[in-house]
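Please look at the sequence and the structure before reading on.

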Amino acid sequence: MIAANNQAYSVFCSICGNEHIILADEKDLEDWLLGKKYIQDALAYLSAGDRELLISGTCDTCWNQLYTNTGGVEDE
């Protein structure tokens, strides 16, 4: 469900510096920030990439570049 009282939040990626606009309900964001709810519960209507940007300050593009080919054995 998409919240009815969405506000635009400007978030900058700490890796690439690009600005991202996230639309979220202020109360939902507050519930997560205050530890009342887990982010996936409070902001379930956001993509996983948007939630990660809020958590770690890393955009989805940079996250995927940082963690590509991790945990596996490289080809020889």
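The sections below treat the basis of the model, its cysteines, its nonpolar core and one lysine.

## Basis of the model

The model is predicted, and local features need pLDDT of at least 70, side-chain atom pairs count only at pLDDT 80 or more, and totals for chains, interfaces and linings use all residues. Residues are numbered from 1 along each chain as its sequence is written, and side-chain values use heavy atoms, with hydrogens and water left out.

## Cysteines

A disulfide is a pair of cysteine sulfur atoms within 2.5 Å. By this rule, the count is zero disulfides. The closest cysteine sulfur to that of Cys16 belongs to Cys13 and lies 3.7 Å away, too far for a bond. Cys59 is likewise in no disulfide, the nearest cysteine sulfur being that of Cys62 at 3.6 Å.

Accessibility is described by relative accessible area: buried is under 20%, exposed is over 50%, and partly exposed is in between (1.4 Å probe, protein chains only). Cys16 is partly exposed at 35%, and Cys59 is buried at 3%.

## Nonpolar core

A nonpolar core is a set of buried Ala, Val, Leu, Ile, Met, Phe, Trp, Tyr and Cys residues joined through side-chain atoms within 4.5 Å. The largest one here has 12 residues, among them Cys13, Leu29, Cys59 and Cys62. In soluble globular proteins, nonpolar side chains tend to be buried together.

Contact means heavy atoms within 4.5 Å. Beyond its neighbours within four places in sequence, Cys62 is in contact with Cys13, Ile15 and Cys16.

## Lys36

Lys36 is exposed, with a relative accessible area of 53%. Leaving aside neighbours within four places in sequence, Lys36 is in contact with Lys27 and Asp31.
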